[in-house]
Amino acid sequence: MAPLIELTHIVKTFGGVHALSGVDFALKAGSIHGLAGENGAGKSTLMKVIAGVHGPDSGQFLVDGEPVHFRSARDARARGIAMVHQELSVAPDLSVAENVFLGAQPVNRMGTIAWGRMAREASEQLKNLGLDIDPRARLGDFPIGVQQLVELARVLFSGARIIILDEPTSALSPPEIARLFAVLRRVRESGRGIVFISHFLDDILEISDEVSVFRNGLRAAHADVGPGIDKTWIIENMIGAGRDELGESYLHDIALKARKQSPVVLEAEGLTLEPFFRNVSFQAHAGEVLGIYGFMGSGQIELARMLFGKLRPDQGRLRIAGAIARLKRTTDAKNAGVGFVPESRRLMLFREEPIYRNISIAFLEHFSKLFLRPGAERAAAKVHAERLGVRPSGVEARLGALSGGNQQKVALAKWLTRPPKVLVLVEPTRGMDVGAKEDVVHIVKSLAAQGMALIVLSTEPETVLSLADRVLVMRKGELTSEFADCAISKDKLLAAA
Amino acid sequence: MADGDLGAKAPGFDLGRIFRDQLRNIAPFATLILLVGFFSIAAPSFATLGNFENILQQVSITAMIAVGLTFVILTAEIDLSVGAIANATAIVLTFFTAQPDYVNIQNLPLPGVLAIPLTLIACAGLGLITAFGVTKIGIPSFIMTLAMMQIGAGLSAVLVRGQIAYNVPPIVRTLGSKTLYGVPWIIIVAALMLLVAHLVLSHTRFGRYVYMVGGNREAAEYSGVNVRFVTGAVMTISAVCSGIAGMLGVAYFGSAQQNEFDTFLLDAIAAVVVGGTSLFGGRGGIGNTIVGLFVLGVLNNGLDYVKIDSFLKILIRGVILLVALVINIYAERLRSTRTLNS
């Protein structure tokens with residue numbers, strides 16, 4: 001019997017960069033195919049090709065043994081291919097039944113919605129998936145796991161036979177995961193195929209019949225789940241075919257320092273902000289780069305925003321330089337000695353303004369009580385831009401004209417006019433070329449050497465490993481492990497998360 | 001610019017690029033010149049010094065309101081309550097001033113030294129309510145000021161009860177309707193307000209915050225700028241500017257009554273937007289507002305000179321406003337595509 005879908009030697013490039021360079025992939029009927037790989041390894045590109053979002057540059061794509069050329073996601077849906085994204089696309093204010101039938105509500109003879117029939121049929125659909133809930137209740141009142149199952153029910157109801165699940169377990173608790181897996185097994189028994197993408201390798205191994213590992217736009221490994229196919233096997237294939245071959249310095253064991261003797265600058269005690277993170281406690285020391293690693297959606301972004309006063313915790317205490325800090329707004333955090341560089345340049349920079357105004361904005365009060373002194377602003381901006389090696393070196397240029405790496409340097413320079421006690425950096429090297437990354441690493445290390453405490457939060461293991469002196473791992477909103485004064489490598493970090 | 005290698009194409013002189021960058025400044029100015037040219041040819045008595053003074057006088061009250069509105073629009077907010085606040089403030093002032101016997105309203109006559117500060121406090125208070133609603137409760141400024149528009153109109157109605165009040169304190173009477181060496185005080189006050197606002201916006205720390213918050217609200221917040229304070233402050237400034245316009249307006253028109261300032265909302269918004277201040281915040285300023293005021297003033301005044309149907313006049317103003325909006329959005333789009341390409 002032909003597989004549900006079969007892709008052979010798929011190539012996809014974006015602006016000359018190979019996202020997929022000759023990938024083979026097949027999904028059998030009545031099976032679950034797990035997909036692992038780092039961010040940017042090509043998993044999502046391949047899934048977008050399957051779901052009709054991207055057309056492949058070359059290669060063959062068969063559905064039920066027939067070649068297909070999807071021009072849109074609509075074409076793919078017509079062949080029974082559906083995707084459930086990590087960010088659910090449910091309508092929380094509509095009822096459960098309306099969500100199951102979204103876009104395809106049953107109508108009666110008058111052409112109006114047949115509410116009774118819709119509720120009955122939705123209830124049946126959900127019971128088939130082992131979910132017994134009131135179809136008339138508002139969907140948003142249910143936990144995220146239930147919402148996810150309702151979206152899955154909608155996808156199944158719409159006739160999908162090939163279902164792509166993107167990170168379905170990242171927001172779920174263990175009992176919710178067990179229920180999801182029970183549902184997925186039922187779906188599998190009905191002869192449909194599921195692609196299961198996840199960073200949680202244990203989940204992949206538990207539910208999948210076969211597993212594919214992606215690396216650098218290629219399928220690095222593929223095997224049926226069975227003896228010998230374990231977490232170590234997946235991790236080794238994710239980061240290189242065996243520890244011996246690893247040339248890149250990031251992949252060697254990195255010796256972490258223990259620098260606990262220096263004073264504590266920032267101390268978190270039992271910080272909780274539902275539903276993002278719970279009971280988070282840690283200390284950041286002067287002269288230390290503290291790395292916090294976790295997958296997307298593990299609560300780091302929210303933790304970082306809370307440290308800068310943008311979000312307020314439900315519980316817990318934050319001390320900065322020994323004093324309890326109640327941060328009501330970002331200005332309070334800045335005044336308490338916290339600096340912050342968010343994960344996206346859109347959130348931190350004024351593209352239309354000249355470089356010097358982007359740098360002076362954080363501490364404008366030190367340049368001007370009432371009237372502006374642009375001369376002083378320019379002079380200070382010039383000093384810091386030059387120190388960090390911003391190219392081009394003029395501070396009058398519009399910020400939007402700079403490259404990404406240089407924009408990031410400007411975002412760092414903004415905090416250096418009055419060095420803060422703690423500098424919180426989220427994804428500080430994301431999307432940069434190698435040279436710019438090295439510059440940022442160098443800047444961060446030299447700031448730590450001057451006695452600043454730096455907290456680096458990232459979903460990329462390389463970023464954390466290349467920067468941090470000490471590493472905390474955040475998993476589903478909790479700090480689960482700490483690495484200090486030991487040797488660590490990427491595989492150990494991945495295994496801990 | 002700093003380095004030659006910034007522009008991918010010819011560095012220094014690229015007319016197309018300069019035009020795209022400056023479209024929002026060029027278009028209003030070109031419109032003004034065209035209008036002045038047209039009316040000068042169509043009506044010989046238009047281009048006289050006396051009429052120039054007329055135009056200035058006619059736009060003075062709009063100018064005072066537009067000053068506050070410039071702050072608001074620069075932060076990418078909107079204030080729809082300006083006309084109603086001006087009206088309410090005008091009526092509060094007459095409430096605190098002794099009225100002739102035939103004006104049959106209950107009021108609380110006070111000397112001018114008390115009446116004027118109390119009135120200013122009242123309009124600042126209305127602005128603070130708007131500020132509270134927008135920044136603390138989180139009501140979008142469009143909706144919040146819509147409610148304040150109704151509240152301002154309601155206060156006016158309750159205080160004046162369908163009557164017309166005439167008296168205002170002497171100092172207000174002077175500023176609104178007298179002249180200084182032949183120049184109407186109202187023009188001087190409007191010019192001073194424009195000047196002070198320009199200095200605040202382009203030369204003070206607060207002004208910089210206004211532009212930065214409008215340019216990228218999130219980036220401002222993540223730079224430690226107190227975005228709520230800045231937003232609240234511009235809403236309050238707008239209310240006070242409208243209040244001053246209302247107070248002098250009583251003297252200028254000679255009386256205070258309900259719905260007296262209704263048309264000023266649209267005129268003031270039109271002046272700011274026609275002048276080229278971005279509706280998305282962060283670009284523009286008092287210079288643009290001045291050009292916008294002249295465009296509006298010349299248009300309103302000139303249409304009287306060419307003896308056009310007064311009903312058609314409203315339609316023409318609407319069309320001009322629409323064209324200005326199109327240019328405003330278009331200028332924004334040109335800028336963002338350029339940003340994406342670079």
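Student: Which residues of H8(B) are buried?

Tutor: In this predicted model, they are B:Arg205, B:Phe206, B:Gly207, B:Arg208, B:Tyr209, B:Val210, B:Tyr211, B:Met212, B:Val213 and B:Gly214. Each has under 20% relative accessible area, the cut-off for buried.

Student: Let's turn to the two chains. How many residues does the contact take from chain A and from chain B?

Tutor: It takes 41 residues from chain A and 29 residues from chain B; a contact requires heavy atoms within 4.5 Å. Chain A and chain B bury about 3,100 Å² between them, with 53% of it on carbon and sulfur atoms. On the chain A side, A:Phe350, A:Glu352 and A:Leu372 lose the most area to chain B, together 19% of what that side buries.

Student: Now a helix pair in chain B. Why is H1(B) called roughly parallel to H12(B)?

Tutor: The axes of H1 (residues 15-42) and H12 (residues 286-305) of chain B cross at roughly 25° and come within 9 Å. Angles under 35 degrees count as roughly parallel, and that makes H1(B) roughly parallel to H12(B). The crossing is left-handed.

Student: Which residues meet there?

Tutor: From H1(B), they include B:Phe29, B:Leu32, B:Leu35 and B:Phe39. Among their counterparts in H12(B) are B:Val291, B:Phe294, B:Val298 and B:Leu299. By class, the residues of this contact divide into 12 nonpolar, 4 polar and 1 charged.

Student: And how do you know that H5(A) is roughly parallel to H6(A)?

Tutor: Here the axes of H5 (residues 144-157) and H6 (residues 174-189) of chain A come within 10 Å and cross at roughly 15°. With the limit set at under 35 degrees, that angle makes H5(A) roughly parallel to H6(A). The crossing of H5(A) and H6(A) is right-handed.

Student: What is the make-up of the contact of H5(A) with H6(A) by class?

Tutor: It has 9 nonpolar, 2 polar and 2 charged residues. H5(A) contributes A:Ile144, A:Gly145, A:Val146, A:Gln148, A:Leu149, A:Leu152 and A:Leu156. They meet A:Glu176, A:Arg179, A:Leu180, A:Val183, A:Leu184 and A:Val187 in H6(A).

Definitions and conventions:
Residues numbered from 1 in each chain as written. Chains lettered and ligands numbered in written order. Predicted model: local features only at pLDDT ≥ 70, side-chain atom pairs only at ≥ 80, totals over all residues. Heavy atoms only, no water. Axes fitted to C-alpha atoms, helices over the stretch in contact; angles between N-to-C directions. Helix = DSSP H or I, 4+ residues; strand = E, 2+ residues; numbered from the N terminus. Parallel < 35°, antiparallel > 145°, perpendicular 65-115°, else oblique. Left-handed = near helix turned anticlockwise from the far one by under 90°. Nonpolar A, V, L, I, M, F, W, Y, C, P; charged D, E, K, R; others polar. Buried < 20%, exposed > 50% of the residue type's maximum accessible area, 1.4 Å probe, protein only. Buried area = accessible area lost by both parts, 1.4 Å probe.
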